[in-house]
Amino acid sequence: MNVKSWALACVMGVASLGVVQTSAYAEEDSILPGELSANVGFTSDYRFRGISQTDRGPAIQGGIDWAHDTGFYLGAWGSNVAFGNGPRMELDLYGGYGNSVGAFSYDLGLLYYWYPGASNNLNQNFYEIALNVGYDFEVASVSGTAAWTPENFGDTGPAFYFETGVSVPLPLDVSFDASIGYQLIDNNAGFGANDYLNWSLGLSKAFFGLDVSLAYIDTDDTLCGAGCGATVVLSVSKSF
């Protein structure tokens, strides 16, 4: 988590889309209710839960999201990947419901991780159910994630992931961000990693309409080699 131009094309193609008005609806309604948004970005190493998805190389990524006022949403996000002789592309399709009550927010979603072009006998495509919660204390915001899949990447059985994070606003509109997560996988040997901790410490800031972050990422796993080792990742993204 070979640079694929399709991600940029998809994102730029919808970035200018707005909500289309029609006289068949009330003035505040539209043919397509809700709001479309898009994003495109670059990262020096696509790390998913601490493990490099690009063999420690860079990635171009992009996504499209639709959100309704009620809290329902749908989206798609893509990135180039490098899994040896495996797929070169990851496309995540997701949907769910999220809302907030005062400073408390919650989100329940279903995600499908799709690797177009991957051999069917590799069984790399999988889906996951994830619950995210958060609370904004103003001086800092905290978050928590719990995710489960009945059949993990590579046909490696049930897997659980738990993560907690904190974001602290600093002077000059800089944010300090930290997280720690724990991944449990039924078939560790098949996956190529033990059950492991992963953590991240970083700073983020908006520059001229770009979201820039620099993060130190590491895990305690030794089975999957350098792809699980410590690194510093630079990411730059733009939302539309």
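Modeller: What follows is a set of questions about labels, each answered from a value and a cut-off.

Biologist: What kind of model is this?

Modeller: This is a predicted model.

Biologist: Why is Arg47 called buried?

Modeller: Arg47 has a relative accessible area of 13%. Buried means under 20%, so Arg47 is called buried. Arg47 belongs to strand 2, which covers residues 47–48.

Biologist: What makes the approach of the Arg47 side chain to Gly50 a polar contact?

Modeller: A polar atom of the Arg47 side chain lies 3.0 Å from the backbone oxygen of Gly50. The limit for a pair of N or O atoms is 3.5 Å, and 3.0 Å is within it. The backbone oxygen of Gly227 is also reached by the side chain of Arg47, at 3.1 Å, and that distance is likewise within 3.5 Å.

Biologist: Why is Asp55 called exposed?

Modeller: The relative accessibility of Asp55 is 56%. Exposed means over 50%, so Asp55 counts as exposed. Asp55 sits in the loop between strand 3 (51–52) and strand 4 (59–67).

Biologist: What is the phi of Asp55, and what is the phi of Arg56?

Modeller: Phi of Asp55 is near 55°, a positive value in a residue that is not glycine. Arg56 is not a glycine either, and its phi is positive at about 65°. Arg56 is also placed in the loop between strand 3 and strand 4.

Biologist: Turning to the second largest pocket, what is its volume, and which residues are closest to its centre?

Modeller: The volume of the second largest pocket is about 530 Å³. Its lining has 27 residues, and the closest to the centre are Ile51, Gln53, Phe83, Phe153 and Phe191. At least two lining residues come from each of strand 3, strand 11 (174–185) and helix 2 (188–191).

Biologist: How many residues of each class are in that lining?

Modeller: The lining of the second largest pocket has 15 nonpolar, 8 polar and 4 charged residues. Phe counts as nonpolar, so Phe83, Phe153 and Phe191, which are among the lining residues, go into that class.

Biologist: Which residues does each of them touch, not counting residues up to four places away in sequence?

Modeller: Ser200 touches Asp177, Ala178, Ser179, Ala215, Tyr216 and Ile217. Leu93 touches Gly75, Ala76, Leu110, Leu111 and Tyr112. The C-alpha atoms of Leu93 and Ala76 are separated by 4.6 Å, although these residues are 17 residues apart along the chain.

Biologist: What makes the pairing of Tyr94 with Asp65 a polar contact?

Modeller: The side chains of Tyr94 and Asp65 come to 2.5 Å, and 2.5 Å is within the 3.5 Å limit. Tyr94 also lies in strand 6. Among the residues in contact with Tyr94 are Ile64, Tyr73 and Trp77.

Biologist: Why is Ser237 called partly exposed?

Modeller: Ser237 has a relative accessible area of 27%. That value lies between 20% and 50%, so Ser237 is partly exposed. Ser237 is in strand 14 (residues 231–239), and its C-alpha is separated by 8.7 Å from that of Gln61, 176 residues apart along the chain.

Methods: Residues are numbered from 1 along each chain as its sequence is written. This is a predicted model: local features need pLDDT of at least 70, side-chain atom pairs count only at pLDDT 80 or more; totals for chains, interfaces and linings use all residues. Side-chain values use heavy atoms; hydrogens and water are left out. Helices (H or I, at least four residues) and strands (E, at least two) are DSSP runs, numbered from the N terminus. Buried means under 20% relative accessible area, exposed over 50%, partly exposed in between (1.4 Å probe, protein chains only). A polar contact is a pair of N or O atoms within 3.5 Å; within protein, one must be able to donate a hydrogen and the other to accept it, and residues adjacent in sequence count only if both atoms are side-chain atoms. On a 1 Å grid over the protein atoms alone, a cavity is a set of points where a 1.4 Å probe fits but cannot get out, and a pocket is an open set with protein on both sides within 12 Å along at least five of seven lines; lining residues have an atom within 4 Å of a point. Grid points are joined across faces, edges and corners, and a volume is the space filled by probe spheres set on the points. Contact means heavy atoms within 4.5 Å.
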